Amino acid sequence: MLPVLNKTQSRTNQSTLKRHFSDSNISEFKHLLSKETWPEVYTETEVKAKYEAFMNTFMHSFDIAFPLKLARERKRLANGWITQGIKKSSKRIKLLNLLTKLPNLTQQTKIYISRYKLIYKRVIREAKKRENDNYIMCAKNKSKAIWQVIHKETGKIPLQKLDIKLVKNPEEIINPYKISEIFNSYFRGISEELLQKKGEKMVFGSHHLNIKENSKSTFLHPITENKVEKVARSLKNKSSAGIDGIPDYIVKQCIELLKVPLTNIYNASLELGTFPDKLKIAKVIPVHKKGDTRDINNYRPIALLSIFSKLLEKLVYNRLIAFVEGNGVLTEDQLGFRTKRSTETALEAFTKSVQEAIENKINPIGIFLDLTKA
């Protein structure tokens, strides 16, 4: 995994290299892909070679259609709520503030200035509210937009916009390459470190989780082109990308032109039991959760995988979950990461058990566990 600290190395940087994914560029990309026949993908026998041949062809068209260009960073939240009327009122407030410093100011004038300031604050508050509401309603990712509004109103700058600094024995580390290596080592060894602190390994017996034994076997029959296309279209339209820099929504729009070579690669992967090495590489972003920003223990990783890795993962998952659900392998108490089950289902089951205990005159006891870095 490759940790990534910032999109830019410093807050002072005003521009960065970016690809422009306009409708015309996407159309050009589709046109280039439509001309490809992918001969190297079909002639290679090893999965690794097949995927490398696919990516060489794909990235050739990708770089032509979406070349890297120097672009200025745009502010996501501008002060659109400042109207001409508010600007005029702001100037009038400044004049009124000067008047308050004059001697022998009448009581009537003081009352007028006080009321004018109250009205001005109310107008600004309502203008900001309308602007924030409009920004959230128009955003594709509303959760992200809400947090952007909160950060703006509280004056908090998200850590991803700042240069990360760490303290270690007791040196302050500011070199981004050293910080990257520290995060890399930390995230790789975090599980083993937590187990060593506990002094024992966690063992879960099947009798505790009520897991049923199953004598049947699952077989991974060949993947079809229609399945690849269906799974690709089911993914979210995310603009984030893995280490290859390819956004999910771009592949979704071009999947009709990519499903044939991808099906060939995925079937070879299942048949030979080999997962392409390049699909194992994730772009890891450290996200601050709580406490001192200089303490590495207060970070958790977010891994961004390639869209082509997620497609194969989803295809295998669909087959595995169908076998597990169809044969009743999972206990009914397993509510997370399952279709038609969620935290709401867990809450409903918990509430029901508490109500039944109370009706039967039994004292219910709840134990809630917060697993560190679960």
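## Helix packing exercises

Helix α10 crosses helix α11 in a right-handed manner; right-handed means that the near helix is turned clockwise from the far one by less than a right angle, and left-handed means anticlockwise. The model is predicted, so that local features need pLDDT of at least 70 and side-chain atom pairs count only at pLDDT 80 or more, while totals for chains, interfaces and linings use all residues. Residues are numbered from 1 along each chain as its sequence is written, and side-chain values use heavy atoms, with hydrogens and water left out.

**Exercise 1. Describe the packing of α10 against α11.**

Step 1. The axes of α10 and α11 lie 10 Å apart, at an angle of about 60 degrees. Axes are lines fitted to C-alpha atoms, for helices over the stretch in contact, and angles run from 0 to 180 degrees between N-to-C directions.

Step 2. This angle makes α10 oblique to α11; under 35 degrees counts as roughly parallel, over 145 as roughly antiparallel, 65 to 115 as roughly perpendicular and the rest as oblique.

Step 3. From α10, the contact (heavy atoms within 4.5 Å) uses Asp248, Val251, Leu262, Tyr266, Ser269 and Leu270. From α11 come Ile307, Phe308, Lys310, Leu311, Leu312, Leu315 and Val316.

Step 4. By class, the contact of α10 with α11 holds ten nonpolar, one polar and two charged residues. Ala, Val, Leu, Ile, Met, Phe, Trp, Tyr, Cys and Pro count as nonpolar, Asp, Glu, Lys and Arg as charged, and the others, Gly among them, as polar.

**Exercise 2. Determine how α1 is oriented to α3 and to α10.**

Step 1. The axes of α1 (residues 23–34) and α3 (residues 47–65) come within 9 Å and cross at roughly 150 degrees. Therefore α1 is roughly antiparallel to α3. Their crossing is right-handed.

Step 2. On the α1 side, Asn25, Glu28, Phe29, Leu32 and Leu33 make this contact, and on the α3 side Phe58, Ser61, Phe62, Ile64 and Ala65. Seven of the residues in the contact of α1 with α3 are nonpolar, two are polar and one is charged.

Step 3. With α10 (residues 248–272), α1 packs at about 25 degrees, the axes being 10 Å apart. Therefore α1 is roughly parallel to α10. The crossing of α1 and α10 is right-handed.

Step 4. In α1, Ile26, Phe29, Lys30, Leu33 and Ser34 meet Ile250, Gln253, Cys254, Leu257 and Leu258 of α10. The contact of α1 with α10 consists of seven nonpolar, two polar and one charged residues.

**Exercise 3. Locate lysine 340 and lysine 361, and state the phi of lysine 340 and of lysine 361.**

Step 1. Lysine 340 lies in the loop between α11 (307–326) and α12 (343–359). Its phi is near 65 degrees, a positive value in a residue other than glycine.

Step 2. Lysine 361 belongs to the segment after α12. Its phi is near 60 degrees, again positive in a residue other than glycine.

Step 3. Lysine 340 counts as exposed because its relative accessibility is 82%. Lysine 361 likewise counts as exposed, at 80%. Exposed means over 50% relative accessible area, buried under 20%, and partly exposed in between (1.4 Å probe, protein chains only).

Terms used. Helix = DSSP H or I, 4+ residues; strand = E, 2+ residues; numbered from the N terminus.
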